[in-house]
Amino acid sequence: MGGVTFTDLTEAEQLLWEAFPRGTWVDLGTVGVPAEGLGDAIGPDSSRIIRAEVIGALLLGAVKADAGWAAGIRLRGAVVTGQLNLAGASVAWPVAFERCWFDSEISFAECSVKTIGVVDSQLPAFNGTRMRLDGILDLRGSAISDIVRLEQAKVTGQLRMREARIGTAPAGAVPVRAVAVSASGLAVDGDVDAFRLEAHGAVSMPSAAITGSVDLVAARITCPAQQALVMDCSVIGGKLDCRQIIVKGEFRILNSRVTAMILMSDAKLDNPGEMALSGGGLTADGGVFLTGFAAKGEIRLVGARLAANLTMNSAAFDNPGGVAVDLERATIGSCHGIGMTCKGQLILTGARISGDLDFTEAAFDPGDGRPALLGQRAWIDGKLVLSGINDQGEVDLRTVKVGASVLLNGAQLCNPAGSACRMSRARVAADMFCYEMTAVGMVRMAGITIGGAVILRQARLSHPDGIALDAPDVQARELVMLPAVPIEGAVDLSGANVGVLRDDPSSWPAQLSLDGLRYETLDPQLPARERLQWLARDPRGHQPRTYEQLAAYYNAVGQQAQARAVLYAREQIQRQGKAPFYRAWSLLQDITVGYGYRPRRALAWLALLLTAGSVIFSVAPPPALQTGMAPHFNGIIYTIDLMLPVVNLGQKYAFNPGGTEQWLSYFLIAAGWTLATTVAAGAARILRRS
């Protein structure tokens with residue numbers, strides 16, 4: 001447009017024409033109305049009109065800069081008519097509009113330009129597609145009724161949209177425009193300032209490359225049930241600050257990278273029943289802060305890599321009947337959700353957390369009976385803290401690995417129809433604390449390995465129609481079972497291996513499976529008669545290994561009498577299940593020698609029979625078998641000779657009793673054989689056990 005002249009310049013245009021060579025401001029006066037009201041306030045004022053073609057002519061060289069001055073357009077309070085279209089041009093001078101009203105779109109598409117400022121102004125649209133801007137693109141406070149286009153634009157400096165209002169709020173049932181800011185592939189060598197940006201329509205900037213920070217503090221983006229804020233595959237060299245942002249629709253930041261922090265404290269995302277935040281594959285080198293955050297819809301961070309912390313303290317996630325927070329396979333430095341509320345599932349399946357996972361005082365309610373907290377195969381290098389949580393579904397932490405302690409102190413776990421807490425085959429390096437925990441539903445710890453102690457002190461476990469504590473094959477240095485009240489439901493400790501087992505007879509459950517349980521110490525050290533009541537609670541009946549283990553324990557602590565009492569009780573119980581003949585034989589062993597564990601009983605029988613035989617035969621000695629050939633008769637020796645199998649003391653074959661004495665001799669012979677046989681059987685049993 002070089003060489004262009006105008007012979008019909010208005011007074012306002014003449015002022016601009018004269019001010020341009022030195023880049024001075026042309027102030028046509030301002031009015032105290034919001035930017036969106038400028039059209040009504042100054043639009044009819046013909047004294048403010050400046051044609052867009054006049055501005056374009058100046059920027060494209062119609063007037064040269066004065067020597068020693070930097071030319072430029074600096075205009076305040078103007079009414080710009082016609083389209084300012086500089087598409088494809090190369091503009092050497094800065095452009096600044098303040099409190100101006102444009103009746104047509106501003107276009108710098110594919111333009112090479114210096115700083116552009118459209119501040120506190122009103123315009124239909126701004127098109128900066130593929131432009132190259134060296135300086136600042138400043139749209140602060142402007143009201144743009146349609147769209148801002150910055151696709152593939154390159155800004156070397158800063159992009160400012162602070163307090164701008166882009167798009168038009170819908171009237172009644174009129175839908176929101178799909179896109180308010182379209183900036184795919186935008187590159188900014190500096191910061192993006194969108195503080196308190198208000199957009200009616202999507203803010204779409206996928207594949208953006210921003211070397212500085214992005215400020216979206218207190219922004220309002222409205223695009224209900226659609227993609228509202230899109231930053232997929234973007235790279236942000238500084239922080240992403242979204243504190244107090246309100247997004248109605250989906251916030252997408254898939255496979256993006258933020259070099260510093262992501263701040264979303266007190267933010268509100270609203271997309272009920274749909275995706276509120278999609279951040280799969282997101283990488284954040286700094287902390288991610290969601291303190292006081294609120295979301296209606298799903299938060300999905302599958303496979304995200306959050307090198308520092310993820311802080312969700314006092315956050316509220318609301319997606320009942322669906323997934324509220326999905327951190328599957330995420331890698332996180334440390335994760336804190338103290339006091340947060342989660343209506344919907346929280347998924348940590350396969351997540352890797354290099355620090356602590358702390359959900360103290362959090363509340364979980366999936367809303368449809370599904371597990372509330374899913375953490376199968378998660379790996380937590382620090383502590384797992386679930387103290388004081390209120391959970392209305394299953395806490396499923398199967399095969400989780402914890403590098404320190406697990407804390408469930410004061411937790412309220414409620415899932416009456418199934419499992420309240422499941423930690424089957426988990427690995428915990430230190431202790432598992434369950435002080436004052438309440439679980440309504442099954443607590444499942446089958447195959448769990450605990451490096452320290454499992455402490456169920458003052459806990460309340462209730463699953464009356466099933467197993468309250470399902471802990472077969474538990475491995476722990478110590479198991480403390482001291483509940484506040486007796487456990488309601490069965491307890492299964494079969495196959496468990498613990499160093500120390502601490503319990504209280506007053507809190508033993510009605511059904512207690514102990515088959516294969518191994519322990520080194522029992523506390524308190526109760527007498528065998530009480531521990532036998534403990535073993536008798538097995539719902540499957542007699543389990544031989546439980547008696548062997550208890551007897552081995554008593555032997556190890558030097559209480560052999562208690563050990564014999566346990567083994568004796570085992571034989572008595574085993575007798576009940578034998579065939580009649582073997583039951584009779586077992587009963588005979590019991591009566592005579594107590595299965596070898598009551599040797600004094602055999603001595604008592606021997607003394608009784610010896611006394612009876614000696615007295616009777618001494619009062620009525622039997623006649624000699626051969627007169628003159630028999631030795632001198634001795635009632636005591638004769639009775640002993642009758643009762644000793646195989647051994648011959650020279651008395652029983654030398655005399656021939658008759659009548660009652662004869663039957664007595666037969667009885668003594670049979671009794672001797674019986675005593676000898678039962679003693680031998682008892683001795684063999686003891687030797688086999690040894």
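The model is predicted. The chain has 690 residues, of which 53% count as buried, and it contains 10 helices and 57 strands. Of the contacts in the chain with a separation of 6 or more, 49% are between residues 24 or more positions apart. The chain exposes about 28,200 Å², and carbon and sulfur atoms supply 54% of that area.

**The largest nonpolar core**

- In soluble globular proteins, nonpolar side chains tend to be buried together.
- The largest nonpolar core here holds 181 residues, and the members that touch the most others are Leu75, Phe126, Phe317 and Phe359.
- Helix H3, residues 52-59, gives the most to this core, with six residues.
- Setting aside neighbours within four places in sequence, Phe126 is in contact with residues that include Ile106, Phe108, Ile116, Met131, Leu137 and Leu139.
- The contacts of Phe126 also take in Glu105 and Arg149.

**Helix H3**

- Helix H3 is largely enclosed by the rest of the structure, because seven of its eight residues are buried.
- Those buried residues are Ala52, Val54, Ile55, Gly56, Ala57, Leu58 and Leu59.
- The buried residues of H3 pack against helix H1 (11-19) and against several strands, including S2 (49-51), S3 (73-76) and S6 (95-98).
- Strands S4 (79-81) and S5 (84-85) are also among the elements that the buried residues of H3 pack against.
- Just after H3, Gly61 takes a positive phi of about 100 degrees.

**Strand S54 and its partners**

- Strand S54 covers residues 488-492, and four of its five residues are buried, so the strand is largely enclosed by the rest of the structure.
- S54 runs parallel to strand S52 (residues 460-470), and four bridges join the two.
- In this part of the structure, Ile467 stands opposite Ala490 of S54.
- S54 also runs parallel to strand S56 (residues 512-513), with two bridges joining them.
- Asp492 has Ser513 in S56 as its bridge partner.

**Polar residues in strands and loops**

- Asn415 lies in strand S47, residues 412-422, and counts as buried because its relative accessibility is 14%, under the 20% limit.
- Apart from residues up to four places away in sequence, Asn415 touches Gly393, Glu394, Ala420, Val440 and Gly441.
- Arg252 is found in strand S26, residues 246-252, and at 17% relative accessibility Arg252 counts as buried.
- The side chain of Arg252 makes a polar contact with the side chain of Glu250, at 3.4 Å.
- Not counting residues up to four places away in sequence, Arg252 touches Gln227, Leu229, Val230, Met231, Asp232 and Ser278.
- Thr399 lies in the loop between strand S44 (395-396) and strand S45 (401-402), and with a relative accessible area of 24% Thr399 is partly exposed.
- The side chain of Thr399 reaches the backbone nitrogen of Arg377 at 3.1 Å.
- Residues up to four places away left out, Thr399 touches Gln376, Arg377, Ala378, Ser424, Arg425 and Ala426.
- Thr399 and Gly375 are 24 residues apart along the chain, and their C-alpha atoms are separated by 8.4 Å.

**Cysteines**

- A disulfide is a covalent bond between the sulfur atoms of two cysteines.
- A search of the whole structure finds zero disulfides.
- Cys242 is buried, with a relative accessible area of 0%, whereas Cys414 is partly exposed at 23%.

**Backbone exceptions**

- Most residues other than glycine have a negative phi, and most peptide bonds are trans.
- Glu110 has a positive phi of about 55 degrees although it is not a glycine.
- Glu110 sits in the loop between strand S8 (106-107) and strand S9 (112-113), and is partly exposed with a relative accessible area of 43%.
- Arg329, also not a glycine, has a positive phi of about 60 degrees.
- Arg329 lies in the loop between strand S34 (316-326) and strand S35 (331-336).
- The peptide bond from Asp523 to Pro524 is cis, with omega near 10 degrees.
- Pro524 is found in the loop between strand S57 (518-523) and helix H4 (528-535).

Definitions and conventions: Residues are numbered from 1 along each chain as its sequence is written. This is a predicted model: local features need pLDDT of at least 70, side-chain atom pairs count only at pLDDT 80 or more; totals for chains, interfaces and linings use all residues. Side-chain values use heavy atoms; hydrogens and water are left out. Buried means under 20% relative accessible area, exposed over 50%, partly exposed in between (1.4 Å probe, protein chains only). Contact means heavy atoms within 4.5 Å. A nonpolar core is a set of buried Ala, Val, Leu, Ile, Met, Phe, Trp, Tyr and Cys residues joined through side-chain atoms within 4.5 Å. Accessible areas come from the Shrake-Rupley method with a 1.4 Å probe; for residues, only the protein chains shown count as cover. A disulfide is a pair of cysteine sulfur atoms within 2.5 Å. Two strands pair if DSSP finds at least two bridges between them. A polar contact is a pair of N or O atoms within 3.5 Å; within protein, one must be able to donate a hydrogen and the other to accept it, and residues adjacent in sequence count only if both atoms are side-chain atoms.
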